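Let's take a walk through a protein model together, starting from its inside and working out to a few individual residues. Keep your viewer open as you read.

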Amino acid sequence: GAHVSGKERLRLLYRILWMVSDYRHGGAILIVPDEESCKEFVDIKYRLPSGYLFSDSERLEELSGNAREKEIVTYADLIAKLTSVDGSVVLTKDLQLLGFGAETLVDKMGSKHPAMRFMEFDNTENKRKQFKDNGMRHRAGYRFCSAVPDSVAFIISQDGTIEACTQHDGKVVVYDNVALPLV
């Protein structure tokens, strides 16, 4: 990830989310600070070696323009396709792929019903929404973010809507219907 700029990583994340949304099969992506931070709360069925993204940094540095863009698009496509496997895809904050088919281990988490805030488009809180109003994939993401500080969960529904959540001030904050820029 060190050889991938912040702008490229953001475009990569947008593309992944856009593709999963477009597939209409639903999925979940967990972004963690590092592998150590989440090992107690997630069981990754299919692990991949660390440094999977652009592991050949010398080769990546040599790439520019269309060739570099093709590498990024290919990686985004791979991640998006992995969301079709049951369970979550787990990435580090640098978007290094740790694995997929991950199960959140609810029995290891402190709170089965974390404190929540559901945010609307205009950044106001929807006080009517509750934890139990959403499906299993959503609730697993909420619990995960509650247990793993500095994590982010993207939950993509089969209808293509994207929800993002993270922990802030002791509550899981959920942003419903995340809009993506054109990529």
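Predicted model: local features only at pLDDT ≥ 70, side-chain atom pairs only at ≥ 80, totals over all residues.

Residues are numbered from 1 along each chain as its sequence is written, and side-chain values use heavy atoms, with hydrogens and water left out.

In soluble globular proteins, nonpolar side chains tend to be buried together. A nonpolar core here is a set of buried Ala, Val, Leu, Ile, Met, Phe, Trp, Tyr and Cys residues joined through side-chain atoms within 4.5 Å; buried means under 20% relative accessible area, exposed over 50%, and partly exposed in between, with a 1.4 Å probe and protein chains only. The largest such core has 23 residues, and Ile29, Val89, Leu91 and Phe154 have the most contacts inside it. Two or more residues come from each of helix 1 (6-23), strand 1 (27-32), helix 4 (65-82), strand 3 (88-92), strand 4 (97-104), strand 6 (152-156) and strand 7 (162-168). These elements are DSSP runs numbered from the N terminus: helices are H or I with at least four residues, strands E with at least two. Apart from this core lies another, of 22 residues, including Val90, Phe144, Val172 and Val174.

Now find the two helices. The axes of helix 1 and helix 4 come within 8 Å and cross at roughly 40°. That makes helix 1 oblique to helix 4, because angles under 35 degrees count as roughly parallel, over 145 as roughly antiparallel, 65 to 115 as roughly perpendicular and the rest as oblique. The axes are lines fitted to C-alpha atoms over the stretch in contact, with angles from 0 to 180 degrees between N-to-C directions.

Finally, some single residues. Most residues other than glycine have a negative phi. Leu95, in the loop between strand 3 and strand 4, has a positive phi near 65°, and counts as buried at 4% relative accessibility. Arg24, in the loop between helix 1 and strand 1, also has a positive phi, near 65°.
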